[in-house]
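Student: I have a chain to study and would like to go through it step by step. Can we start with the terms?

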Amino acid sequence: MAFRVWPIPVVLLLSVAWGQETVPIVQPGAPGQNSKILSSAPAAARPRTPAEADISFMQGMIHHHSQAVEMTDLMPTRTRNKRLLALGKRISISQTDEMQYMRQWLEERGQPAPGAHGHMDHSVMNMKGHDMSSMKTMDMASMPLMPGMLTPQQMKALAKATGSAFDRLFLTGMIQHHTGALIMVEDLFDTAGAGQDNVLYDFATDIDNTQRAEIKIMQGMLKEKQ
């Protein structure tokens, strides 16, 4: 029997990898579908310094996702459409989990991340001993609208609508919103030097694939109402 001899550097790398603790973030799948792991990177690993475009993408996408979740929060009291409610729940769960992942990605790289209440969450960085006085602050309420985000007027109209009128406004608004997310991903990949982080690349690609699929679902639901 022949035995394969591993080069010493490979053995050491494998030993280090097996000895590291991983902290995966799991995103629940749609009804009837399996959950998926968003990240299983070793907790002890130190990620490479990201490009400025990568940081801006993650911060902006948290802001973008936040409005989508706000839109879905309106649904229980404004529509009885079971299919739409199921879709809204799916969007809310997936985008909430993705926001958690994006904050973790930023914090692991020493970058400020919008917190759950719209302000920069410095808790992790502060515990690591960083000088908080040098950290820039960010309030999502004061951030400019990302591509596809609904204007304040559109959000007010959605909040006032009920029944079929709400369903149409929600579908057209979320299609607009998702299309904007696709633009953000495209802009990221079109930026020189951006998207080189393998984890971010996979994450952005997953956003693109998921939201394209949801756009098709919403377009079909909207066509049924015409």
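Tutor: Helices (H or I, at least four residues) and strands (E, at least two) are DSSP runs, numbered from the N terminus. The model is predicted, so local features need pLDDT of at least 70 and side-chain atom pairs pLDDT 80 or more, while totals for chains, interfaces and linings use all residues. Residues are numbered from 1 along each chain as its sequence is written, and side-chain values use heavy atoms, without hydrogens and water.

Student: How many helices and strands does the chain have?

Tutor: From the N terminus, the elements run α-β-β-α-α-β-β-α-α-α-α. That order holds seven helices and four strands.

Student: Is Ile 183 buried, partly exposed or exposed?

Tutor: Ile 183 lies in helix H6, residues 163–190. Buried means under 20% relative accessible area, exposed over 50%, and partly exposed in between (1.4 Å probe, protein chains only). The relative accessible area of Ile 183 is 36%, so Ile 183 is partly exposed.

Student: At roughly what angle do the axes of H3 and H6 cross?

Tutor: Axes are lines fitted to C-alpha atoms, for helices over the stretch in contact, and angles run from 0 to 180 degrees between N-to-C directions. Contact means heavy atoms within 4.5 Å. Helix H3 covers residues 82–108, and its axis comes within 12 Å of that of H6; the two cross at roughly 35°.

Student: Which residues of H6 do Leu 84, Ile 91 and Gln 95 meet?

Tutor: Leu 84, Ile 91 and Gln 95 belong to H3. Their partners in H6 are Asp 167, Phe 170, Leu 171, Met 174 and His 178.
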